Amino acid sequence: MKKKVTVLGCGMVGSAIAADLSTRYQVHVYDHAPAVLQKLEAKYSVETTIADLSVEQLLQDAIRDCDLVINAVPGYMGYKTLERIIEAGRNVVDISFFEQDPFLLDELAMENGVIAIVDCGIAPGMSNIILGHHASKMDVGSFTCYVGGLPKVRTLPWQYKAPFSPIDVLEEYTRPARIVQDSVVIAKPALSEPELIDFPELGTLEAFNTDGLRTLIKTMDVPDMLEKTMRYPGHIELMRILRESGFFKKEEVRVNNNWISPIDMTAKLLFDAWKLEPGEIDYTIMRIILEGKGKDDGTTITYDLLDQMDPKTGFSSMSRTTGYTCTAAATLVLEEKFSRVGICPPEYLGKQHFELIMQYLSARNVCFKKTTS
């Protein structure tokens with residue numbers, strides 16, 4: 001009998017996850033939007049249910065009868081949803097990328113015997129897996145991750161399209177970026193320390209500090225670590241203008257007789273402007289640089305990824321690279337190859353199953369190029 005997987009959330013990434021897992025498992029997808037569920041069900045062998053997952057009883061009904069849960073709800077719902085999944089005793093792979101510290105749920109997960117893999121996308125996710133693997137093989141002195149999701153066609157003024165929820169993208173422009181310098185955690189403003197990087201395939205991109213290290217700050221003993229997000233040049237200045245003008249504030253303001261949150265309004269307005277059109281080509285570009293220390297002095301390992309939308313399935317590149325990292329981890333749990341109970345960030349997977357995950361992604365044409373100098 002096929003194992004049962006419940007997917008919570010049928011956005012761009014959740015849809016790619018459900019489609020991939022449906023080739024091997026019995027998949028049931030829950031979302032509040034009928035149109036996206038109908039589109040998925042018409043093309044893939046999945047069951048769907050319309051449900052507002054913020055309603056406690058509907059969430060409990062969704063996760064009651066399954067072998068594994070994929071938590072693909074928006075970030076603002078992520079932590080509470082993960083907590084409810086763990087309380088229900090269900091193994092879970094989470095890509096909601098919530099703001100809270102996932103290790104606050106570690107004791108609960110161990111008490112309930114739950115395997116809870118968190119932050120399992122492209123970055124965080126594959127970036128953690130790569131670092132976790134090499135940190136188990138060598139002394140890593142520094143780790144730098146550059147990553148970005150970009151449209152092929154650059155349209156002014158934004159030169160950007162959001163491959164996932166705009167409200168989660170906007171967090172990158174407001175949340176302080178934690179980096180590690182000389183083994184000390186330092187918080188720097190979002191959008192800070194811009195730099196220009198040339199890529200032969202895409203031209204010049206601008207990179208800026210974002211809070212992408214997350215669990216690596218606690219789990220990895222690496223003296224220098226940072227993550228930077230990449231966009232086409234000019235995007236940083238636009239985001240700074242919006243941020244400094246108050247468009248990203250969460251505190252409600254009164255407009256006429258209504259109280260609204262500026263960031264909610266901004267996300268709503270940008271949703272259409274940043275929406276990928278059907279068939280529109282997007283890229284995921286990533287560069288990870290690891291440098292050795294001690295006996296590994298002088299060793300530099302670089303991983304490069306340039307992925308694009310799959311015209312056969314219509315899934316965006318960010319959906320593929322994020323979603324297939326998630327389904328690789330889900331497969332390891334479902335096939336009982338990974339059994340560590342508790343909160344498990346992706347770097348734990350990298351220590352044991354790096355080659356399997358890379359092979360899984362390669363089979364889906366998500367291919368990293370590794371160079372060593």
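Reader: What is the volume of the second largest pocket?
Author: This is a predicted model, in which local features need pLDDT of at least 70, side-chain atom pairs count only at pLDDT 80 or more, and totals for chains, interfaces and linings use all residues. Residues are numbered from 1 along each chain as its sequence is written, and side-chain values use heavy atoms, with hydrogens and water left out. On a 1 Å grid over the protein atoms alone, a pocket is an open set of points where a 1.4 Å probe fits, with protein on both sides within 12 Å along at least five of seven lines; grid points are joined across faces, edges and corners, and a volume is the space filled by probe spheres set on the points. For the second largest pocket, the volume is about 260 Å³.

Reader: Which residues that line the second largest pocket are the closest to its centre?
Author: A lining residue has an atom within 4 Å of a grid point of the pocket. The lining of the second largest pocket holds 15 residues, and the closest to the centre are Asp310, Thr313, Arg320, Tyr324 and Arg364.

Reader: Which elements give two or more residues to the lining of the second largest pocket?
Author: Elements are DSSP runs numbered from the N terminus: helices (H or I) have at least four residues and strands (E) at least two. By that rule, the elements giving two or more residues to this lining are α1 (12-21) and α11 (317-334).

Reader: How many residues of the lining of the second largest pocket are charged?
Author: Asp, Glu, Lys and Arg count as charged; Ala, Val, Leu, Ile, Met, Phe, Trp, Tyr, Cys and Pro count as nonpolar; the others, Gly among them, count as polar. The lining has 5 nonpolar and 4 polar residues, and its charged residues number 6.

Reader: Which residue in β3 is the bridge partner of His28?
Author: Within β3, His28 has as its bridge partner Glu47.

Reader: How many residues apart in sequence are the parts that Tyr79 and Phe98 tie together?
Author: Rings of Phe, Tyr and Trp (its six-membered ring) pair if their centres lie within 6.5 Å, with planes under 30 degrees apart counted as stacked, over 60 as edge-to-face and the rest as tilted; the count comes to 7 aromatic pairs. Tyr79 and Phe98 are edge-to-face, at 5.4 Å centre to centre and 85° between the planes. Because Tyr79 lies in helix α4 (residues 75-87) and Phe98 in the loop between β5 (92-94) and α5 (106-111), the pair ties together parts whose separation in residues is 19.

Reader: How many residues apart are Tyr173 and Phe248?
Author: Tyr173 and Phe248 form a stacked pair, 6.2 Å centre to centre with 25° between the planes. Tyr173 is in the loop between α7 (166-171) and β8 (177-181), and Phe248 is in the loop between α9 (235-244) and β13 (253-255); their separation in residues is 75.

Reader: Is Phe248 buried or exposed?
Author: Buried means under 20% relative accessible area, exposed over 50%, and partly exposed in between (1.4 Å probe, protein chains only). Tyr173, at 0%, counts as buried. Phe248 has a relative accessible area of 5%, so Phe248 is buried.

Reader: Which peptide bond with Pro124 is cis?
Author: Most residues other than glycine have a negative phi, and most peptide bonds are trans. Pro124 is found in the loop between β6 (115-117) and α6 (126-135). With omega near 5°, the cis bond is that from Ala123 to Pro124.

Reader: What is the relative accessible area of Arg214?
Author: Arg214 has a positive phi, near 50°, and lies in the loop between β11 (203-209) and α8 (216-219). Asp182 also has phi near 50°, but Asp182 is exposed at 63%. Arg214 is buried, with a relative accessible area of 10%.

How values were computed
Two strands pair if DSSP finds at least two bridges between them.
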